[in-house]
Amino acid sequence: MSLLVVGSLALDTIETPFGKVDDALGGSATYISTASSYFASPVNLVGVVGGDFPKSGIDFLQSRNIGTDGIETVADGKTFRWGGRYHYDLNVRDTLFTDLNVFKEFDPKIPAAYTTSKYVCLGNIDPVLQRRVLEQIERPKLVVGDTMNFWIEGKRDELLKTIALLDVLIINDSEARLLAGEANLFRAAKKILALGVNILIIKKGEHGALLITGSTVFSAPAYPLENIFDPTGAGDTFAGGFIGYLAKTDDISVENLKKAVIYGSTMASFCVEQFSLDALRDLTYLRIQDRYREFRALSNFEE
Ligand code: AMP
C-alpha cells in the first residue's frame, strides 16, 4: 500500500561521547522514509530543502526507491539544521540549536499522485504544517503523527488541534509527560488519549516501547544492544518501521499493530548502532527478520 511521509529533511550536527559529525543527513522524514522503504512500496516523501542540500542526500533517498517529486528546493534558501548533544547516559540529549530556515516559509503542496495515499506519516514538523498536509489528502486508512518537545512547548494549541486528527500518536516518554502535565506514564497516556487520538505509542529510548489504546496495553521489550553510537533518529526510524510494516500488510488490527511495534523497535535498534543514517543504508530484509525473531524471543516464556 502507498505511504506518504511528510517531515523535516535536515543537516544535523551531532555530538556523542564517541564522536561528532557536522551536517550529517538527517531529519524526521529522511529517517521515516528510509526505514519504511524496507517494507512499503511506494513510499513518497514531501518536504523542503535549501540550495545547500547535498545531491548525495537525494540520490540516497532515490536509491531506496523513495519518491522525491514532493521535495521542494528553495535555491536561495538554507536547509533546516538541528544540533544535538548526548550525555554519557545516551537517553539524555540537549538540543543545541534548531534553525528552521526554509521550513519557516514552507507551505506543503502534496503532488496529485500522492493525495490518495492510504497510509500517511506526519513526521516531526510544525503541527500547522502537519494539518495542512491532511487537508490535501483524500480519506487515508491510517494517519500516524510524531512530535517533540520543541512543538509541545512552542505551539501547544496548534499541536492539540493536530493530535485530534491523528489515528496514532508516537511520542517519547518525557514528551508524553510534558504534553499531559503528568509524571506517571499511564496516567499521562489516559490524558493524551482523551485528546482524541485512538492509539498512543510511547517510546522509552533504550527501554522499549508501549502501545496503549482505550482497552489494550502492550509492552515491547528493549533490545540488549552493546554498541549504541548515536541515538539520533531512533524515534523516527521506529515510526518508519511501524507504519512501513502496517502499509506492507495493510492490516490495522490490534494484533498486527503489536507486530508493527516490534518491527519499529527492530529498525530503531539498527539505527543507533552507527552515526546518522549509516546503519540504515544497506540493511537486508533477512537481517531485519532475524532481529525481529530475537525481539520476540526476548519476552517469550512458558505458561
Ligand atoms: P529523533 O532522534 O527521532 O527525535 O529525531 C531526530 C531528528 O529530528 C534529527 O535528524 C533532526 O533533524 C530532526 N528534528 C529535530 N528537531 C526538529 C524539529 N523541531 N522539527 C523537525 N525536525 C526536527
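**Entry 1: the cavity lining**

I sorted the lining of the largest cavity by class and got four nonpolar, four polar and one charged residues. I was working on a predicted model, so to speak a computed one. The residues I wrote down for this lining are Q130, G145, D146, T147, L159, T162, I163, L166 and L169.

Which elements supply at least two residues each of this lining? I found β9 (142-146) and α5 (156-163). The largest share, three residues, comes from α5.

I also looked up the volume, and the largest cavity comes to about 30 Å³. My count gave one cavity of 30 Å³ or more.

**Entry 2: around the ligand**

Next I turned to the ligand. I found 20 residues surrounding it, and the closest are D12, G27, N124, G233 and D236. By class, this shell has nine nonpolar, eight polar and three charged residues.

For G235, I noted a backbone N or O atom 3.2 Å from a ligand oxygen atom. W151 uses its side chain: an N or O atom there is 3.5 Å from a nitrogen atom of the ligand.

How much of the ligand does the protein bury? Taken alone, the ligand exposes 510 Å², and the protein buries 94% of that.

I then asked which elements give two or more residues to the shell, and listed β2 (10-16), β6 (80-86), β7 (93-99), α4 (149-154) and α8 (234-249). The most comes from α8, with three residues.

Methods
Residues numbered from 1 in each chain as written. Predicted model: local features only at pLDDT ≥ 70, side-chain atom pairs only at ≥ 80, totals over all residues. Heavy atoms only, no water. Near = heavy atom within 4 Å. Polar contact = N/O pair within 3.5 Å; in protein donor to acceptor, adjacent residues only side chain to side chain. Areas by Shrake-Rupley, 256 points an atom, 1.4 Å probe, with all protein chains shown as cover. Helix = DSSP H or I, 4+ residues; strand = E, 2+ residues; numbered from the N terminus. Nonpolar A, V, L, I, M, F, W, Y, C, P; charged D, E, K, R; others polar. 1 Å grid on protein atoms, 1.4 Å probe; cavity = no way out; pocket = protein on both sides within 12 Å on 5 of 7 lines; lining within 4 Å. Points joined across faces, edges and corners; volume = space filled by probe spheres on them.
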